[in-house]
Amino acid sequence: MHETVDLRSDTVTKPTEEMRKAMYSAEVGDDVFGEDPTVNELQKRCAEITGKESALFVPSGTMANCIASYVLTNEGDEVIVEEKSHIYNMEVAHLTLISRVLPRPLPSNKGEIDLNLIKKSIRKRGLHVPGTSLICLENTHNFWGGKAISPEYVKEAYELAKNEGLHVHLDGARIFNASIAYKKPVTEWTKYCDTVMFCFSKGLSCPVGSILCGEKEVIEEAKRARKLLGGGMRQAGVLAACALVAIDKMIKRLEEDHKKAKRLAEGLSELPGIKINPEEVETNIIIFEFSHPGLSIEDFLNRLRENKILALAISTTQIRMVTHKDVDFEDIERVLEVCKSIL
Ligand code: TLP
């Protein structure tokens with residue numbers, strides 16, 4: 001039971017005791033020279049886990065996505081993105097500002113863009129038009145309520161991309177949540193993309209860090225791009241040490257976060273003013289429609305805050321709640337009781 005129940009994001013998770021100890025004793029070196037043994041070990045392990053040749057430790061998921069698009073495209077290309085994707089909506093337009101590409105947002109069925117629509121939208125470079133060079137996918141899909149995209153879909157999208165000579169980048173910020181939901185190893189998805197990034201700083205509870213994995217040449221270029229963006233870190237082994245604890249100890253427990261999200265959705269679905277189908281909750285993120293005759297969305301969130309419960313509105317009618325290690329089952333029951341009494 002926690003005094004404050006913070007459901008704004010899984011990014012709020014604090015490092016574990018074991019991580020703090022690992023930080024303390026981490027062997028370090030200058031990573032810009034490639035001399036940090038702990039970072040090197042982490043990169044090697046992550047390349048193995050994703051079945052890629054190489055990996056690069058970076059400060060954030062945003063930077064990893066930005067680097068991926070930068071190295072996989074040329075200026076003036078077009079990039080297919082899903083319309084609710086994080087890369088399109090929440091990353092300060094780096095596709096335009098840094099990669100200098102034209103984003104082509106497409107609608108989808110819960111994060112899976114119809115393959116015929118992708119096919120129809122691919123453009124060949126010509127006198128008047130940009131050429132499509134990259135498709136970005138997201139798994140789990142944040143703003144589709146943590147939807148875990150199937151490996152079959154990613155495979156088909158990848159095959160289509162390859163037939164058309166395009167690259168695929170997978171924003172796998174929460175790829176381990178998808179892997180737990182499907183009970184399949186992450187390679188079931190990562191073998192169908194050119195680059196994949198995942199975050200240590202979300203449900204895996206690290207303080208900082210994400211990783212970009214791909215073929216050796218791509219990651220060599222990515223290293224230059226990381227430097228360009230000011231993301232070259234020196235004794236980053238203290239952070240990599242946490243990430244190593246995360247991949248060894250924090251993946252399996254994500255299942256518990258999914259159960260908490262399901263329970264939360266079940267309880268909320270019975271309350272007036274809230275619309276959510278708990279059956280559709282697959283991982284640790286729930287998004288529900290809020291519409292109450294006596295209460296605005298801001299009032300509701302303020303009332304929750306007065307009760308030391310934090311959540312975020314993600315649109316004028318939708319609230320997102322994210323479960324994680326620093327919220328327990330008792331907390332979930334308290335949230336449900338408070339919501340019931342408010343509504
Ligand atoms: N997501 C954050 C917010 O930015 C919304 C969150 O609280 O969920 N890809 C996906 C799918 C993400 O959800 C996020 C962060 C990122 C990329 C960016 O990661 P960071 O925050 O490390 O730059």
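Of the 16 residues around the ligand, those that come nearest are Ser-9, Thr-62, His-86, Asn-142 and Asp-171, where a residue counts if one of its heavy atoms lies within 4 Å of the molecule. This is a predicted model, in which local features need pLDDT of at least 70 and side-chain atom pairs pLDDT 80 or more, while totals for chains, interfaces and linings use all residues. Residues are numbered from 1 along each chain as its sequence is written, and side-chain values use heavy atoms, without hydrogens and water.

**Ligand contacts**
- The side chain of His-86 has an N or O atom 2.8 Å from an oxygen atom of the ligand.
- For Arg-174, an N or O atom of the side chain is likewise 2.8 Å from a ligand oxygen.
- Arg-320 places a polar side-chain atom 2.9 Å from an oxygen atom of the ligand.

**Helix 8 and helix 12**
- Helix 8 (residues 175-182) and helix 12 (residues 254-269) cross at roughly 80°, and their axes come within 9 Å.
- Helix 8 is therefore roughly perpendicular to helix 12 (65 to 115 degrees).
- Phe-176, Asn-177, Ile-180 and Ala-181 of helix 8 meet Leu-254, Glu-255 and His-258 of helix 12, contact being heavy atoms within 4.5 Å.
- These contact residues comprise four nonpolar, two polar and one charged.

**Helix 13 and helix 14**
- The axes of helix 13 (residues 297-306) and helix 14 (residues 329-342) are 10 Å apart, at an angle of about 130°.
- Phe-300, Arg-303 and Leu-304 of helix 13 make the contact with Val-338, Cys-339 and Ile-342 of helix 14.
- The residues of this contact are five nonpolar, no polar and one charged.

Notes: Axes are lines fitted to C-alpha atoms, for helices over the stretch in contact, and angles run from 0 to 180 degrees between N-to-C directions. Helices (H or I, at least four residues) and strands (E, at least two) are DSSP runs, numbered from the N terminus. Ala, Val, Leu, Ile, Met, Phe, Trp, Tyr, Cys and Pro count as nonpolar, Asp, Glu, Lys and Arg as charged, and the others, Gly among them, as polar. A polar contact is a pair of N or O atoms within 3.5 Å; within protein, one must be able to donate a hydrogen and the other to accept it, and residues adjacent in sequence count only if both atoms are side-chain atoms. Angles under 35 degrees count as roughly parallel, over 145 as roughly antiparallel, 65 to 115 as roughly perpendicular and the rest as oblique.
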